[in-house]
Amino acid sequence: MGTQINVQSLRPVTVTAPTVSSKLELSDLLGALKVRFGINRNNYIVKPGLYKVGKPDSQSDVLVSANYKLSFDVLRKKLDTLNVWILVVDTKGVNVWCAAGKGNFGTENVVKSIKNSSLEYIVKHRNIILPQLSASGVAAHKVKEQTGFRAVFGPVQAKDIKSFIEAGYKATPEMRKISFPAIERAKLIPVDFMYAKYKLLLILCGFFIFSGLDKTGFLFAKMLETSLYPLINITGAYVAGIVAAPLFLPWIPFRAFALKGTFWGLVLTILLYFLFEVPYIDGISMGLINISIASFMTMNFTGSSTYTSLSGVKKEMKWAVPFQIGFITLGLILFIYSKLV
Amino acid sequence: MKTMQYLKNVVTLKLDSNSCTGCGMCAVVCPHAVFEMLNGKAHIVDINDCMECGACALNCRFDAIKVKSGVGCAAGILNGILNGTEPSCDCSGGSKTSCC
């Protein structure tokens, strides 16, 4: 390949890379807000290819990014006054880490992007900077073998990229670690909240109607009178599993997420039991249902967390799913029984 | 106890010291600082910090690291069971620092 490159690089190459700003517009911020709430979330993409930030030349650094617009926007915002190239890989609009896990931000796609963008004629050096979290999809040594470009892994977070470059392409141990602070956990709540909204509505409707069950048949007045307690419990359990458990994630001392959820389901049940002063059978039946729902919703948060392993989640689910199914079944039987006696 | 550590004694990460040349790539790519370099070889600091993302194994050109990698996502595992496939996390997006 060596001689071929030399011959071709003598030819003048016109670079027509679009320029993007390192400042975000209002429309970028509104777009980000919509994505958080799941509106048109799978279509928030940047066209793959090479972009200019500032006035890069043949010596400027090349940063590689996913074509998910939130990832791209975070990166360009943090570049500030740097003059760099951004090579956007087609990750199907998925963020760096997820795309790397699925293979879309993989060795093959990075190699393809380098070749398609004619990067070898645009820059004189032979280095690219990959986001560290793409390492589960990209083998740096294979990129080098296939393109001649040495791939260096930058920091985990885009906010550190400037210091990384200024330190001579060196990351501190802190820059290499993924954290999961409360603010990041909070950002995920809207998406998770929307995740099962229709199922939640369906269950709420079901409990509303079943509240009217009576040994004499069905009583409309009883439905209106007694449905408030179960509806508040179920909505509360959903919120407990999706909001309380993630926000207080490190402070509830169980390792299994299903148990963290169970804790919040139990707390909610006790609070509502004393607040509403209901018969104990209602408290028990709703408690079983609350624990099941909160536990299941928190277990699903393993997908959003940054530290759960596949083997661990499988192990947890082996006991958690049967216990969740058992609890909700028992709770439902008790709930209906309490209506019929 | 570490507040952000998942279940103990369950991850499939294996490091073969004989194949390790001490290049340090695993320590660079690991987002949980599982590896440290000591006397020219990689060592596992706390295996329970591993989330099986697979970055170390993929970037070890000497095949010294083995791990059954995947996404630790309950919804993905359920999808897999219901569709009879491997666990697949088909929810895209999320913030840059987290998955799904």
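I began with helix α3 (residues 69–79) of chain A, where A:D73 and A:K69 sit four residues apart, which means about one helical turn separates them. I noted that the model is a predicted one.

I then checked this pair for a salt bridge. A:D73 does form one with A:K69, and their closest N and O atoms are 2.8 Å apart. I counted salt bridges over all chains and got six.

I turned to polar contacts between chain B and chain A, and the count was 16 residue pairs, both residues at pLDDT 80 or more. I looked up which helices of chain B are involved: α1 (25–29), α2 (55–58) and α3 (74–83) each supply at least two residues of the side that touches chain A. I sorted the residues on that side of chain B into 29 nonpolar, 15 polar and six charged.

I took down the extent of the contact as well. Chain B gives 50 residues to the contact and chain A gives 57. The two chains, B and A, bury about 5,000 Å² between them, and carbon and sulfur atoms account for 62% of it.

Last, I went back to chain A for its strands. Strand β5 (residues 127–130) and strand β6 (residues 150–153) of chain A run parallel and are joined by four bridges. I asked which residue of β6(A) stands opposite A:I129. A:V152 is the one. I also recorded that β5(A), helix α7 (residues 140–147) of chain A and β6(A) make up a β-α-β unit, and that this unit is right-handed.

Conventions: Residues numbered from 1 in each chain as written. Chains lettered and ligands numbered in written order. Predicted model: local features only at pLDDT ≥ 70, side-chain atom pairs only at ≥ 80, totals over all residues. Heavy atoms only, no water. Contact = heavy atoms within 4.5 Å. Buried area = accessible area lost by both parts, 1.4 Å probe. Polar contact = N/O pair within 3.5 Å; in protein donor to acceptor, adjacent residues only side chain to side chain. Nonpolar A, V, L, I, M, F, W, Y, C, P; charged D, E, K, R; others polar. Pairing = 2+ DSSP bridges. Right-handed = clockwise from strand over helix to strand, strands pointing away. Salt bridge = Lys/Arg side-chain N within 4 Å of Asp/Glu carboxyl O.
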